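Please consult the sequence and the coordinates shown here.

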Amino acid sequence: MSSLSRELVFLILQFLDEEKFKETVHKLEQESGFFFNMKYFEDQVQAGEWEEVEHYLSGFTKVEDNRYSMKIFFEIRKQKYLEALDRQDRAKAVEILVKDLKVFASFNEDLFKEITQLLTLDNFRQNEQLSKYGDTKSARNIMLVELKKLIEANPLFRDKLTIPAFKASRLRTLINQSLNWQHQLCKNPRPNPDIKTLFTDHTCSSSNGARAPPPGNNPLAGPVLKPGVFPPLGAHGPFQPVVSPPPSAIAGWMSTANQSMPHAAVAAAPPGLVQAPSPAAFLKHPRTPPGGPGMDYQTADSEHLMKRLRPGQPDEVSFSASTQPPNSNNMYSPDDLPKTVIRNLSQGSNVMSMDFHPQQQTVLLVGTNVGDISIWEVGSRERLALKTFKVWDISACSMPFQTTLVKDATISVNRCVWGTDGSILGVAFSKHIVQIYTYNPAGELRQHLEIDAHIGGVNDIAFAHPNKQLCIVTCGDDKTIKIWDAVAGRRLYTFEGHEAPVYSVCPHYKENIQFIFSTAIDGKIKAWLYDSLGSRVDYDAPGLWCTTMVYSADGTRLFSCGTSKEGESHLVEWNESEGAIKRTYSGFRKRSLGVVQFDTTRNRFLAAGDEFQIKFWDMDNINILTYTDADGGLPASPRLRFNKEGSLLAVTTSENGIKILANTGGQHMLRMLESRAFDGARAHAEANVKPAIAAGPLGPIASVSASASPFERSDRIQQPMSLLASMESSRGTDVKPRILENTEKIKSWKSSDISDASQLKALKLPDSLTPNKVVRLLYTNSGLAVLALASNALHKLWKWQRNERNPSGKSSASSVPQLWQPNNGALMSNDVSDSKAAEESVACIALSKNDSYVMSASGGKVSLFNMMTFKVMTTFMPPPPAATYLAFHPQDNNIISIGMEDSTIQIYNVRVDEVKTKLKGHQKRISGLAFSQSLNILVSSGADAQLCVWSIDGWEKKKSRPIQPPLSHPSTLVGETRVQFHNNQSHLLVVHESQIAIYDAQLDCLRSWYPRDSLSSAISSAIYSCDGLSIFTGFCDGAVGIFDSDSLNLRCRIAPSAYLPSASNENPFPVVIAAHPTDPNQFALGMSDGAVHVIEPSDAETKWGGSTSHDNGGMPSIPSSSALNSQPSETPSR
């Protein structure tokens, strides 16, 4: 409801009160929710009218709105319950307990149990906490004191506890003013008009054609009318006399009808002064769009928000004082629209948001459904940067967010956007947080701020400059909009008032007025100034669901595009001064297959993705101008984004890619950039210019010169980029860790030798099933369970329970877990080959990031299991050949890289059940696969001891090399070889029975270690610790070595006697090692005798081998990029 409509409600409340319609007054207070009458509320509480008390409250808040509301309802219902007990009315008390109080059990189960136990007492005052309970009247008064405090503190009651100050009988006065004005406009005004109705405008009938004199000499500025000019309208006497409005006020109101006048010239100005149009007219005169459909004001479920397709909208647009000449738009024609496909980019996962750099016209920011962000140079098709999702500082995040991550680690980008000068960018994620990076022209990203911004999803993010201060604007599922200081991350404002999750924000300014539009998924549009005074407008968007608002580039025209739950899409232009729809564009299909998204360009054109096409409109014509299908391959509602010049248009594809469409100017620009890139590459070796320091709103930054990159372009040279000055000293560049080349720099280690059980904590996991050799072993991503795959194709799952010794429920050597099975006792067993026993087959396994599904094989078909029910969801890839290794594509969980027994690697699309390509380069079966997302490569290893590097984009082989044999082993090596990328995504751990080694992406061996001395047996398995600082290595004699990952110096040796029972005669050894996902010192051993052991340092030691050359510091939030433990982020859809 608009602010004027709200004021009208107050006038009606005053009128009803003056007319003594008491019940109607309180009914309107409750239904409007504008004024909470504390006196009436107190009277009802003291009278014990509990139904009316809750009904009246329901107009202002609900139980679940916030903690204050919950406490208010709890106190009321508790009092009602105690009064029933005091009357010995047990039946009523039980009814209140079940109907009213049980809702609080989910928030405080212990309290609910204690309340329930009061039923067992003869007198509830026997409870110590209620021993001072007096009589009913005093108890109600005491409760009222508490309720008043809670109501006054509740933000939902803000500005609702007092009624605005205005004169008595104000509504009568306004009506009298209207009648005076109508009378002055009469053609034949009579001295004593006869007013018989308010339902129609007043006119004076003429008498024999004679014209009576007007009430004053000047009808527009006449004298004060005498009382009694109009007859009384009821028993309360005549309306109050008023003065006719002055000419300036009349002119202001007439501006609405006179299109030649500035539309916002409403307020009266002093005589002789010309008043500028009000820049905030839209905020002052909102109206619900006329002719809108009937509306049901129910709040949409939040799950609709999570399932929708994300639209994009531009940043805050500053309004330039300069105006375009008349018909300036005529310089553009439909041929200027970018409709020719000139680039295809393979993102690899579903694109959720895009934004072109505001200054570098060919630099595109992309966010995906797996939480990644990429920066593309579309001219050269070069990916300048790639950041996979991780929480930078989990300890600084709220417990609800940490709990959410534990339950489900999947996360998506909802919105990514550049700052206004391109020196900073923001990413809003589907769970709680936003991350802010700074950016320089060389494509370098630095971590700046991580903010736990909202409870639930953060649905939109934008940058604004109120009071010349760079701020971040966010909105989320918690129904709020928040403003943050972009330098320190401090919260400046929280805007509350929406009744549904907030879908989008649109900051804007005109002259010196800064404001923000926000839309929610119930279709409500609100506007806010940067203060704490609440929403300035409240009206409904067409479609009443997901809507985004965008200003034209010059800031003079406002558009919105939205889709209803039924699929009806609405693209409209708003009359800013009236808050009404000015123009509705046609051309959408009747039922859109997603939330339609749109963008504007050149202050002339609109574009929207609908019906597998991009549709274009001229802003001044409601009919569709033209359309393109971009050569096919678009989704039903493609996302789209223009660059600032309008020469390029980025469009998402149904195959997890992006198409770049260009007009003639865009094609010419990209051809020039290609030419300059070639010239720049040739000249790169000839020049090396030091970076210049440029200043921006956030501080100084080293701006890389034109010669710093072979792909530097004219539109990317020396832009004044901004970084935080404080960051330069407190935050290091996001540089990949380097392995030391100089052995003299390596810290000298004194390794420890653990040979006794008292020197560590070891736990053999309980197993009631027949033991078989453990061939694959994983921790779940939550760290709450361990999953083993035995040689007989059977999976075993151990889960830790929360208890006093283990309150977190995480895996621990100090707490015994349960060998878990579903209630039906089902086992999770792989399909096996008819021609080969399971024990003779090579097994492989991969777990989803949310721990809900596991994909594995044991010589037969690949099976997808539900981890909760152990049921087979599907099977695929029947042998021969059998699958020997599984790795999920890092950017698309529907794509699986499957190593095969016949030495090939099959790139398989689960969704369409199709092998996309087959890679050949090995001589024996594939035994390891590892993706590097930052390098865009796949590294494979095989039983031929060969390493191969494959490009993810085209799947061509870039390089291959056999691993280096020890000096004592001059012949070529063979045997199973495993690979795993370090957290830095550039260094590769290579594991062979003869060695552990660190390679770079060019397959150059940087460092290696060969079995010797106390660890002379063959290596059986090795893996990075979750922080990447250690390598856990198993040996075939049962020993375990813990190495420094940088130097490969031995930090600690664990003898078999430290964790194996002395009576064992089988000499078991660790076939496979698994590293805990968050504890860098815990690992698990899968043994040759079928046992699984969890190993940790002793309580006296915090880590293995004493001090290290690294500062272990805070824990990373995600595991290392393990190819030995490859895991998808969600269930592949078929």
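Q: Which residues does Leu-82 touch, not counting residues up to four places away in sequence?

A: In this predicted model, Leu-82 touches Leu-118, Phe-124, Leu-130 and Tyr-133. Contact requires heavy atoms within 4.5 Å, so each of these four residues meets that cut-off with Leu-82.

Q: What makes the set of residues that includes Leu-82 a nonpolar core?

A: A nonpolar core consists of buried residues of listed types, among them Leu, Phe, Ile and Tyr, joined through side-chain atoms within 4.5 Å. The largest such core has 39 residues, and those with the most contacts inside it are Phe-36, Phe-41, Leu-57, Ile-76, Tyr-81, Leu-82 and Leu-101. Two or more residues come from each of helices 3, 4, 5, 6, 7 and 8, with helix 5 giving the most, 9 residues. A second, separate core of 23 residues includes Phe-389, Leu-405, Phe-429 and Tyr-439.

Q: How do you know that strand 38 and strand 39 pair?

A: Pairing needs at least two bridges between two strands. Ala-846, for example, has Met-855 in strand 39 as its bridge partner.

Q: Why are strand 38 and strand 41 called edge strands?

A: Strand 38 (844-847) and strand 41 (872-876) each pair on one side only. The open sheet has 4 strands in the order 38-39-40-41, with antiparallel pairing. From one strand to the next, the twist averages 15 degrees.

Note on methods
Residues numbered from 1 in each chain as written. Predicted model: local features only at pLDDT ≥ 70, side-chain atom pairs only at ≥ 80, totals over all residues. Heavy atoms only, no water. Axes fitted to C-alpha atoms, helices over the stretch in contact; angles between N-to-C directions. Buried < 20%, exposed > 50% of the residue type's maximum accessible area, 1.4 Å probe, protein only.
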